[in-house]
Amino acid sequence: MHRRLTTARLVLALVLGAALLASCASPAPPPAPTADAATLRDLPAGKVVGHATASGAHAWQGIPFARPPVGELRWRAPEPLPRWSGVREALLPGERCVQYPTPLLDEGPYDRPIGSEDCLTLNVFAPAFAPGAVPTGAERRPVMLWIHGGANLTGESGNYDWSAFAAKHDVVVVATNYRLGIFGWLRHPALHDERDDALDRSGNYGTLDLVRALEWVRDNAAAFGGDPGNVTIFGESAGGNDVIALLLSPPARGLFHRAISQSGGTWSASVAEAENWADDPQAPGLPFSSRELMAKLRAAEHPGESRAESVAAIDGASAAELGAWMRGRSAAELMAALADREAVGMSTVPLTIREGSVVPEGEMLESFARGSHARVPTVLGTNRDENRLFLMMDPKYTWKLLGLLPRIRDEERYLRDAEYASLSWKADGADEIAERIAAHAASPVYGYRFDWDELPPRLGTDFATLIGASHGIEIPFVMGNDSLGPLLELLGGEATIAARQPLVDAMGSYWAQFARTGDPGRGESGDLPAWTAWDASSDASPRFMIFDSEADGGLRMSADYVTAERLARDVVADPRFETPADRCTALEAVEKKFSHYDGEARARAGC
């Protein structure tokens, strides 16, 4: 239903929050790398040469993995790219997919789209094997496919340098782009004709781009020393949501063998929600359904036209006319007409569509309950304070000193509401799914919660309280390098690196060991606390690993899992809700988020 429909705003909040702490302008970009003959590889896709990285790995960037999805291929499933001739230099990331710029990473203006529809490229990071020493057979290394976050509206693979991780943990990492926003997820009958199959008609083009990237990995990973029979998909935020969708996706079946979702979720749309008018009396669509988007596009072209006139014109047009009209619009025209100006140009479109071919129909939790998921070892986790960063940007909760530095208005209310919103994220993105996977006992599932919150104060602002262990903070702990510079500034930069390093080492070790064996165990070295599989045999059974500093309890297993029912029960009993209205609002949020929850607690509370 209407889960996290402001995801674009959430990502923007993450960006702005980190930007607050960037004390100086971004450094000048480093010089372009030069081709290294030792990186020449002959792939089934074609010959490619990359470069050596400062961390001692090899990297190949900007490799295309599908035909450009432009012209008649817009809003169709991606097609394989024919083998190229000659040697392709893969020294820089490819163009990002069409999106609006973000204040931290890009220069303005922020109301004009950037990127290209010709964006289906990926980057490969591998240990520095000599040309004649690339592993073969059983010696091949695990492969990990990284799916970037950004609400499925922004972001790019080029923002993530996985070379240090690849070198340190002896794995091959592939980071991929995928179509975003209206180009990645849009379903309407008029966009297709008799030549299109169910995948073309699905509307899940971003998801299918990830499937195509996995097919490319299957066919080409061996040339880099990677094992196509041992592939782990992992992603954060929207990338975590995409991992969950791929676990349910029949076209992705067999293309990956382990999965890690970091701060993901099950937010998605039914076909009716994705297509119908918002005021359809039988099956209303979402406010940004394909028909509503067409109405906005038409309104931009016909400023004096009423909504009723736009609706009549769209409903009265033939499929051929509508399809030609939509494909005839440039990317800039589409983005400009569909922008949400309140979110600094961020557009909003349906995300994963539960249409039956790419993703099963019915709520995702129901699909996991039926066992309609890939039976592969899976890691699901969230951060303890996911939502504090977002509440930080909400004027209901904070005010800004000098118009910039946030100050909390009511700390008890701030922490209470952030806690329940974060627990709700944990239930949706990790615990409720894990309970259902564990019930089938066909493959292990591992849970985690990231608790590290030792952010130093800056300019009089207590960021440990304001942000804590919030959304995205765990990424550099997994990556183990400084490629996310502004985010590391938020963590304290060089001042806290000594305190962070043990947890950085542990998380990278667990992630790599899971990719290697399907069991994080005690990490690669075997000396970390045992991270055991989710045990649903009793409420007291250990279910997930907590990642924290030694000063705050260190690495340890916990049984404190969250479900919609538990969440609602805690809201009813929590004395911090001083008014019935606040309590009822919190219970209503639980009922809206979890379709399987019957709302009994809200009724009991007299709401």
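**Reading rings, buried residues and strands**

Modeller: In this predicted model, a cluster is formed by Tyr-446, Tyr-448, Tyr-510, Trp-511, Phe-514, Trp-531 and Phe-547, whose rings are linked to one another through ring pairs.

Biologist: How many aromatic pairs does a search of the whole structure find?

Modeller: The search, which covers the whole structure, finds 24 aromatic pairs. The label follows from the angle, because planes over 60 degrees apart count as edge-to-face.

Biologist: Which parts of the structure does the pair of Trp-534 and Tyr-561 tie together?

Modeller: Trp-534 belongs to the loop between helix H18 (497–517) and strand S19 (544–547), while Tyr-561 belongs to the loop between strand S20 (556–558) and helix H19 (564–573), so the pair ties together parts that are 27 residues apart in sequence.

Biologist: Are Trp-534 and Tyr-561 buried or exposed?

Modeller: The idea to keep in mind is a cut-off, because a residue counts as buried when its relative accessible area is under 20%. Trp-534 has a relative accessible area of 6% and is therefore buried, and Tyr-561, with 7%, is buried as well.

Biologist: Which charged end sits over the ring of Tyr-561?

Modeller: The charged end of Arg-543 does, at 3.8 Å from the centre of that ring. Elsewhere in the chain, the charged end of Arg-74 is placed over the ring of Trp-75, at 5.1 Å from the ring centre.

Biologist: How many residues of helix H6 are buried?

Modeller: In helix H6 (residues 238–248), 11 of the 11 residues are buried, so the helix is largely enclosed by the rest of the structure. Among them are Asn-241 and Asp-242, as well as Leu-246, Leu-247 and Leu-248.

Biologist: In what order do the strands of the open sheet lie?

Modeller: In a regular strand, the side chains alternate between the two faces of the sheet. The open sheet here has three strands in the order S1-S2-S5, with mixed pairing. Strand S1 (41–43) and strand S5 (87–89) are the edge strands, each pairing on one side only, and neighbouring strands of the sheet are turned by 35° against each other on average, direction ignored. Strand S2 (residues 46–49) and S5 run parallel and are joined by three bridges, and Lys-47 stands opposite Val-87 in S5.

Biologist: In which sense do strands S16 and S17 pair?

Modeller: Strand S16 (residues 398–401) and strand S17 (residues 405–408) pair in the antiparallel sense over four bridges, and Thr-398 stands opposite Ile-408 in S17. The two strands form a hairpin with three residues between them, and Leu-402, in the turn, has a positive phi of about 60°.

Biologist: What phi values do Ala-151 and Ser-263 have?

Modeller: Ala-151 has a positive phi of about 65° although it is not a glycine; it is located in the loop between strand S7 (141–147) and helix H2 (163–169), and with a relative accessible area of 2% it is buried. Ser-263, likewise a residue other than glycine, has a positive phi near 55°. Ser-263 belongs to the loop between strand S10 (258–262) and strand S11 (269–270), and at 0% relative accessibility it counts as buried.

How values were computed. Residues numbered from 1 in each chain as written. Predicted model: local features only at pLDDT ≥ 70, side-chain atom pairs only at ≥ 80, totals over all residues. Heavy atoms only, no water. Phe/Tyr/Trp six-rings, centres within 6.5 Å; stacked < 30°, edge-to-face > 60°. Buried < 20%, exposed > 50% of the residue type's maximum accessible area, 1.4 Å probe, protein only. Lys NZ or Arg CZ within 6 Å of the ring centre and 35° of its normal. Pairing = 2+ DSSP bridges. Axes fitted to C-alpha atoms, helices over the stretch in contact; angles between N-to-C directions.
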